[in-house]
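Hi everyone, thanks for making time this morning. Please have the sequence and the model open while I talk, and we'll walk through it together.

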Amino acid sequence: MSKAMKMVLIAALALCGIHAQAEMALILGVRAANRGACENNLKAIGDLIAVYTTLEGGQLPAADNAAGLKEFGGGYSQCATRHFKTDKETKDPVERDNSYIYLGGFNLEQLSNPALVPLVFDKPGNNHVNVLFADMHVESYKVSDIKSCTQIIDELNKEKKFPEELLTKLQEKAKKIDEALGYEKK
């Protein structure tokens with residue numbers, strides 16, 4: 001092979017490497033942007049929850065998931081069109097199309113440590129989970145192979161070390177949600 005041909009081949013390989021690096025950077029940038037958008041969605045949902053609980057003496061709707069979200073009423077419907085999938089006619093949340101799990105029934109004014117209590121989080125199936133806590137802060141966790149809400153609660157417990165009573169309540173809720181939505185238990 002001639003020296004000129006070797007130079008052309010090296011240049012072509014270098015361009016392929018640069019292209020691959022640029023493509024990887026783009027993919028990682030899109031993923032980061034999606035995580036940021038999801039965190040912002042949860043913050044907006046937190047704003048809605050804060051207003052609702054102010055009007056309801058701290059009490060959240062009792063039902064979990066779409067049924068609980070529906071109880072937020074008009075304010076929820078406006079928020080839902082941006083952050084949850086809704087039925088076009090009724091504006092009610094459609095469970096199968098929602099991106100989030102909602103854990104209802106808490107009274108925010110009665111929680112001893114709201115920063116520990118997850119209220120809304122991403123549905124299982126991603127390599128990360130964003131969580132809105134009862135004090136309205138959002139945290140993002142890198143997880144792998146999470147296939148159920150029970151697993152999400154278990155992962156959060158490793159980090160947060162929930163008090164036993166709270167852990168039991170969260171595990172019971174997660175188990176019911178997993179059964180209702182057909183998530184695997186591992």
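Let's start at His 128, whose bridge partner in E4 is Lys 142. Before I go on, a word on where this comes from: it is a predicted model, where local features need pLDDT of at least 70, side-chain atom pairs count only at pLDDT 80 or more, and totals for chains, interfaces and linings use all residues. Residues are numbered from 1 along each chain as its sequence is written, and side-chain values use heavy atoms, with hydrogens and water left out.

Back to our pair. E3 and E4 are antiparallel and share 5 bridges; strands count as paired if DSSP finds at least two bridges between them. The names are DSSP runs numbered from the N terminus, with helices being H or I of at least four residues and strands being E of at least two. The two strands form a hairpin with 4 residues between them, and Met 136 in that turn has a positive phi of about 75 degrees.

Now step across to E2. Strand E2 (residues 118-122) and strand E3 (residues 128-133) are joined by 3 bridges and run antiparallel, with Phe 121 opposite Val 131 in E3. Their hairpin has 5 residues between the strands, and Gly 125 there takes a positive phi near 125 degrees. On to E1: it is antiparallel to E2, with 3 bridges joining them, and Tyr 100 stands opposite Asp 122 in E2.

Put together, the 4 strands make an open antiparallel sheet in the order E1-E2-E3-E4. Strand E1 (100-102) and strand E4 (138-142) are the edges, each pairing on one side only. From one strand to the next, the twist averages 20 degrees; angles here run from 0 to 180 degrees between N-to-C directions, and axes are lines fitted to C-alpha atoms, for helices over the stretch in contact.

Why is E2 described as largely enclosed by the rest of the structure? Because 5 of the 5 residues of E2 are buried, meaning under 20% relative accessible area with a 1.4 Å probe, counting protein chains only.

What lies across the sheet? That is helix H4 (residues 149-160), which lies across E1, E2, E3 and E4 and runs at about 120 degrees to E2. Its axis comes within 7 Å of that of helix H5 (residues 164-181), and the two cross at roughly 155 degrees. That makes H4 roughly antiparallel to H5, a label used for angles over 145 degrees. On the H4 side, the contact includes Cys 149 and Ile 153, and on the H5 side Leu 167 and Leu 170 are among the residues involved; contact means heavy atoms within 4.5 Å.

At 15% relative accessibility, Leu 116 counts as buried. Leaving out residues up to four places away in sequence, Leu 116 touches Phe 133, Lys 160, Phe 162, Pro 163 and Leu 166. The C-alpha atoms of Leu 116 and Phe 162 are separated by 6.9 Å, although the two residues are 46 apart along the chain.

Finally, let's zoom out. The protein has 5 helices and 4 strands, running α-α-α-β-β-β-β-α-α from the N terminus on. Of its 186 residues, 37% are buried. Among contacts with a separation of 6 or more, 51% come from residues 24 or more positions apart.

Definitions and conventions. Buried means under 20% relative accessible area, exposed over 50%, partly exposed in between (1.4 Å probe, protein chains only). Angles under 35 degrees count as roughly parallel, over 145 as roughly antiparallel, 65 to 115 as roughly perpendicular and the rest as oblique.
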